[in-house]
Amino acid sequence: MPHLRTQIFDAILARLSAIPEFAGDGKVKRARTNAIRESLLPALTVTWAEHQETAEIRPCAGPNGEVGYDRRLPIDVIAHFHAEEPDIEFDRIAVLVEAALGGAVKLDGLVIELTLSESRSFIDRATGIALGVGALTFVAEYTTVAINPTVLPV
């Protein structure tokens with residue numbers, strides 16, 4: 001069974017891929033290894049590359065008193081788009097993403113809570129020109145048993 005972190009990403013990817021506009025092949029991916037073709041825009045990339053997951057020890061987290069971790073995982077949902085009005089387009093996509101993930105605060109029991117932490121739109125600082133990219137950062141709070149990070153504590 002995969003790490004609980006992977007299960008959380010899979011649940012997020014499934015919800016974002018269910019948005020009709022992002023249902024096509026390659027429109028929603030966890031990380032990317034190649035540039036996005038313009039024909040795929042708008043598209044979403046889900047990653048934690050910009051942040052680090054933190055963990056604090058939790059004594060007696062498991063059913064037999066095993067040590068566990070309270071984890072905090074920041075997850076960026078990066079929106080890639082091409083538009084004449086980039087701020088308006090980012091907000092339009094943000095509505096879709098926030099609705100999809102806001103209705104799944106517990107991600108089917110995988111997390112204690114998934115909440116929106118911040119949103120940002122990217123510009124070229126030298127010119128002020130929008131880059132056609134924005135990010136919504138969600139934070140997944142979850143707990144694992146130290147000896148088995150693939151399952152939730154009972």
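Predicted model: local features only at pLDDT ≥ 70, side-chain atom pairs only at ≥ 80, totals over all residues.

Numbering starts from 1 along each chain as its sequence is written, and side-chain values use heavy atoms, with hydrogens and water left out.

**Exercise 1.** Work out how helix 1 and helix 2 pack, and which residues meet.

Step 1: take helix 1 as residues 4-17 and helix 2 as residues 86-102; helices here are DSSP runs (H or I, at least four residues).

Step 2: the angle is about 130° and the axes are 9 Å apart. Angles under 35 degrees count as roughly parallel, over 145 as roughly antiparallel, 65 to 115 as roughly perpendicular and the rest as oblique, so this pair is oblique.

Step 3: look for contacts (heavy atoms within 4.5 Å). I12, R15 and L16 of helix 1 touch V97, A100 and L101 of helix 2. Sorted by type, that's five nonpolar, no polar and one charged.

**Exercise 2.** Find the aromatic pair and say whether its residues are buried or exposed.

Step 1: searching the whole structure turns up one pair (ring centres within 6.5 Å).

Step 2: F81 and F90 sit 6.4 Å centre to centre with 25° between the planes, which counts as stacked (under 30 degrees).

Step 3: both F81 and F90 are buried (under 20% relative accessible area).

Step 4: P86, in helix 2, contacts F81 and A130, leaving aside neighbours within four places in sequence.

Key
Axes fitted to C-alpha atoms, helices over the stretch in contact; angles between N-to-C directions. Helix = DSSP H or I, 4+ residues; strand = E, 2+ residues; numbered from the N terminus. Nonpolar A, V, L, I, M, F, W, Y, C, P; charged D, E, K, R; others polar. Phe/Tyr/Trp six-rings, centres within 6.5 Å; stacked < 30°, edge-to-face > 60°. Buried < 20%, exposed > 50% of the residue type's maximum accessible area, 1.4 Å probe, protein only.
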